[in-house]
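This report goes through one protein model, from a single loop residue to the sheets and the ligand shell. Please keep the sequence and the structure at hand while reading.

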Amino acid sequence: MTSPQHPAATRIALSDGGLRLYASWFAEAEADALFAALLERVAWRSEEIVLFGKRHQTPRRTAYYGDPEAAYTYSGNTWTPLPWLPELRTVRERIAPATPEVEWNAVLANLYRDGRDSMGWHADDEPELGPAPWIASVSFGAERTFRLKRKDGGGEPVNVELTHGSLLVMEPPTQAHWVHALPKRLRVTAPRVNLTFRRVGVARTRSDA
Ligand SMILES: O=C(O)CCC(=O)C(=O)O
Ligand SMILES: [Mn+2]
């Protein structure tokens with residue numbers, strides 16, 4: 001249950017899925033402090049992916065934290081989780097009331113240094129996340145547009161502005177039917193940190209634990 005001091009979710013209904021957006025889940029001062037700490041303390045690194053046999057640096061910095069069992073493979077890389085930082089534990093605890101359906105055991109942190117950094121179209125549908133993944137996405141820093149479009153090309157794309165201190169929950173079966181991306185925004189000169197909380201492994205939600 002959402003406690004009374006938290007803002008209500010804006011529900012964004014999708015065909016075959018749904019989003020809950022809490023624009024100010026974190027109050028300004030708390031968001032500022034977490035943003036500063038994460039910028040400094042996360043072990044940001046540049047990731048290399050292989051696409052059609054060619055190596056590329058992804059246009060952002062990333063780091064993966066979680067419980068030891070939450071090893072994760074995507075884009076051909078296996079991610080061994082780093083042990084939780086206190087700030088990441090704090091964020092996990094703070095979002096728990098908004099996502100009673102899931103016990104998060106991992107988080108992928110992304111740093112977009114400025115508007116030239118981005119993330120291409122994809123779904124968070126790796127086998128490790130199970131058939132019906134929930135995703136909770138927390139944003140700090142520069143406001144950026146998060147875009148979704150249906151995998152089958154139907155309907156209109158959906159844009160969601162992700163502000164400092166916001167929480168976006170993607171409900172199942174969104175990942176099965178939609179892809180999402182964070183496009184470049186060349187006017188943006190400030191950094192943004194995004195944390196996507198995931199449940200990696202066998203018992204994925206409280207109901208099937
Ligand atoms: O930065 C964002 O808002 C999106 C991140 C994302 O889609 C991911 O980490 O899988
Ligand atoms: Mn994603």
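Pro133 counts as buried, because 24 C-beta neighbours lie inside 10 Å. A residue is buried if 20 or more other C-beta atoms lie within 10 Å of its own, exposed if 12 or fewer, and partly exposed in between, with C-beta atoms placed from the backbone. The model is a predicted one, in which local features need pLDDT of at least 70 and side-chain atom pairs count only at pLDDT 80 or more, while totals for chains, interfaces and linings use all residues. Residues are numbered from 1 along each chain as its sequence is written, and chains are lettered from A and ligands numbered from 1 in the order in which they are written.

**Pro133 and its surroundings**

Pro133 sits in the loop between β8 (119-122) and β9. Helices (H or I, at least four residues) and strands (E, at least two) are DSSP runs, numbered from the N terminus. Leaving aside neighbours within four places in sequence, Pro133 is in contact with Asp124, Asp125, Pro172 and Gln175. Contact here is a distance within 7 Å between the C-beta atoms of two residues, placed from the backbone. Met170 is 37 residues from Pro133 in sequence, and the two are 8.5 Å apart in space, C-alpha to C-alpha.

Pro172, one of the contacts of Pro133, is joined to Pro173 by a cis peptide bond with omega near 5 degrees. Pro173 lies in the loop between β12 (166-171) and α3 (174-177). Most residues other than glycine have a negative phi, and most peptide bonds are trans.

**The whole protein**

The protein has 3 helices and 14 strands. Of its 209 residues, 35% count as buried. The C-alpha trace spans about 50 × 40 × 35 Å along its principal axes. A compact globule with 209 residues would have a radius of gyration near 17 Å, and the 16 Å of the protein agrees with this. The radius is taken over C-alpha atoms, and the globule rule is 2.2 Å times the number of residues to the power 0.38. Among contacts with a separation of 6 or more, residues 24 or more positions apart account for 76%.

**The sheet of 8 strands**

One open sheet has 8 strands in the order β1-β2-β12-β9-β14-β7-β4-β3, with antiparallel pairing. β1 and β3 (45-51) are at the edges with a single partner strand each, so one side of each has no neighbour in the sheet. From one strand to the next, the twist averages 25 degrees. Strands pair if DSSP finds at least two bridges between them.

β1 and β2 form a hairpin with 2 residues between them. Asp16 lies in the loop between these strands. Its phi is near 60 degrees, a positive value in a residue other than glycine. Asp16 is partly exposed, with 15 other C-beta atoms within 10 Å.

Helix α1 (residues 28-41) lies across β7, β9 (135-141) and β14, and runs at about 90 degrees to β9. Axes are lines fitted to C-alpha atoms, for helices over the stretch in contact, and angles run from 0 to 180 degrees between N-to-C directions.

**The sheet of 4 strands**

A second open sheet has 4 strands in the order β8-β13-β10-β11, again with antiparallel pairing. Its edges are β8 and β11 (158-162), each with a single partner strand, so one side of each is left without a neighbour in the sheet. The twist here averages 15 degrees from one strand to the next.

| Strand pair | Bridges | Facing residues |
|---|---|---|
| β1 and β2 (17-22) | 5 bridges | Ile12 and Leu19 |
| β7 and β14 | 7 bridges | Val107 and Phe197 |
| β10 (144-150) and β11 | 5 bridges | Arg147 and Asn159 |

**The ligand shell**

Which residues surround ligand 1? The shell is made of Leu108, Asn110, Met119, Asp124, Ser137, Phe146, Leu162, His180, Leu182, Asn194 and Thr196. A residue belongs to it if its C-beta atom, placed from the backbone, lies within 6 Å of the ligand. The elements that give two or more residues are β7 (106-112), β13 (178-182) and β14 (192-198). By class, the shell has 5 nonpolar, 5 polar and 1 charged residues. Ala, Val, Leu, Ile, Met, Phe, Trp, Tyr, Cys and Pro count as nonpolar, Asp, Glu, Lys and Arg as charged, and the others, Gly among them, as polar.
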